[in-house]
Amino acid sequence: MFTCDNLGVNAAGRLTFAGQDTADLAARYGTPLYLMDEDRVRHNCRVYLDAIRRSFGDGSHPLFAGKACCFTQMYRVLSELGMGIDVVSCGEIHTAARAGYDLANAYFHGNCKTDADIAYAMDHGVGYFVVDSAEELAAIDAEAARRGKKQSVLLRLTPGIDTHTYAAVNTGKVDSKFGAAIETGQAAELTAAALGLSHLDLAGFHCHVGSQVFAEDVFERAAVIMLEFIAAMRNQHGFTARQLDLGGGYGVRYTEDDPVLDIAEKIGSVAAVIHETCARLDIPEPAILMEPGRSIVADAGLTLYTVGAVKRIPGYKNYVAIDGGMGDNPRFALYRSRYTVLPAGNMDAPRPFVCSVVGRCCESGDIIQENVPMPEDIRRGELVAVCTTGAYNYSMASNYNRLPRPPIVMLHGGESYVAVRRESLDDLTALDS
Ligand SMILES: *Cc1c(COP(=O)(O)O)cnc(C)c1O
């Protein structure tokens, strides 16, 4: 009936999330409201931590991809659990540092790090840089030389895999803006360049083949291509990679049509392929890293809205307008992402009224979801829940139309607390002269 077992219905016919009544939470904190099930975040992290430690050799561990959902309390939780992190900007580094997170466990990604980014990351002791280009390699070497240190790096490569997912979340193909392609020889050139720079310590290689991946063998195929490259570099340069980072990307259930993934089992089958391939190529097995973002936070998130208007255009279309929209969740506007949308205060009624749930922004594309079944009598003041919003909602939110961003309320052990407060109107003008 639900996409995740942290959802339910109570005796009053209201949607519950992490065991708590969503209508009570909306009354207490207001809408629009991001809820985050902290216990689910912890559970999802532990699935990766246990499976990776069990399946791979020493030094193997998961990194949370901060871009999926980044705020201070999130990093406090990650730090407590012993999760590594991947960061992509000074803002994410600053947030992690503010949480007291030890940045020696951080991997700095991105295809256009500036000199200022590189210096800031080194100031904060970021453990690894994931290098995307020859220019960046030279810039990191120069900054490390100025500081009289050696900086550990991985090289981002593109293994040339088409994951058949939506183009904007498909990054493993040869023509990607990210990384250096193995197929064209550019990956080998970047490796030779890295090995020739005296202030870099090349730890290994990284790839990221896509997001929202369900396909059976994507990670296995990527791992084989990457291990064959590692073996080739061992033959050519006598260089043995210590780390192989397979990136993020496991899919989550946005609707009941999406399959249920057993991530521990998936990781087990990737491990079997890695053991076999390393034996075949006669190379030592590198430590394996994975970078889940979405699959750590997506199903831990839920957004609550209040209905403002219901519009019936006979013979055409029905609309339910809510007090949020593309400002707090731009994903339908960007990728036509699917979501499960529920009448949170009235879960037991039949839902014959098919409508588009739309936001309040001055933009026709401001749609949360189309073809949503709702109760016939849905009206102003009622509560709407959008499920599985923990990933790429808050982190992609904007102040379009000068709308304040919603708060994040965390749910933990039957209690709730504000982890990010609601933006005020004064926050919106705080930077204006
Ligand atoms: C986006 C991204 C991730 C996380 O992807 P998910 O689909 O959220 O798991 C991990 N690594 C890199 C390099 C990414 O770009």
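Hi everyone, let me start in the middle of the protein. The largest nonpolar core has 104 residues, and the members that touch the most others are F205, L246 and V297. Helix α8, residues 218–237, gives the largest share of this core, with 10 residues. Domain 1 and domain 2 both contribute residues, so the core lies between them. Please keep in mind that this is a predicted model.

As general background, nonpolar side chains in soluble globular proteins tend to be buried together.

Which residues does L246 contact, leaving aside its neighbours within four places in sequence? They are C207, H208, F219, A223, V270, I274, I288, L289 and M290. There is also another core, apart from the one I've been describing; this one has 20 residues, including L33, M347, A385 and V409.

Now, on to the domains. The assignment for the protein chain gives domain 1 as 7–37 plus 298–428, and domain 2 as 109–292. If you take the centres over C-alpha atoms, domain 1 and domain 2 sit 36 Å apart.

So how do they meet? Eight residues of domain 1 are in contact with eight residues of domain 2. Between the two domains, about 760 Å² of area is buried, and carbon and sulfur atoms give 51% of that. On the domain 1 side, Y335, R338 and T388 are the ones to look at: they supply 61% of the area that domain 1 buries against domain 2, more than any other three residues.

How many salt bridges does the rule find across the interface of domain 1 and domain 2? One. In the model, R338 forms a salt bridge with D258, and their closest N and O atoms are 2.8 Å apart.

One last stop, at R76. You'll find R76 in helix α3, residues 72–81. Is R76 buried, exposed or partly exposed? Its relative accessible area is 39%, so R76 counts as partly exposed. R76 and G100 are 24 residues apart in sequence, and their C-alpha atoms are 7.1 Å apart in space.

Terms used
Residues are numbered from 1 along each chain as its sequence is written. This is a predicted model: local features need pLDDT of at least 70, side-chain atom pairs count only at pLDDT 80 or more; totals for chains, interfaces and linings use all residues. Side-chain values use heavy atoms; hydrogens and water are left out. A nonpolar core is a set of buried Ala, Val, Leu, Ile, Met, Phe, Trp, Tyr and Cys residues joined through side-chain atoms within 4.5 Å. Buried means under 20% relative accessible area, exposed over 50%, partly exposed in between (1.4 Å probe, protein chains only). Helices (H or I, at least four residues) and strands (E, at least two) are DSSP runs, numbered from the N terminus. Domain bounds come from an automatic or database domain assignment. Contact means heavy atoms within 4.5 Å. Buried area is the accessible area (1.4 Å probe) that two parts lose on being put together, summed over both. A salt bridge is a side-chain nitrogen of Lys or Arg within 4 Å of a carboxyl oxygen of Asp or Glu.
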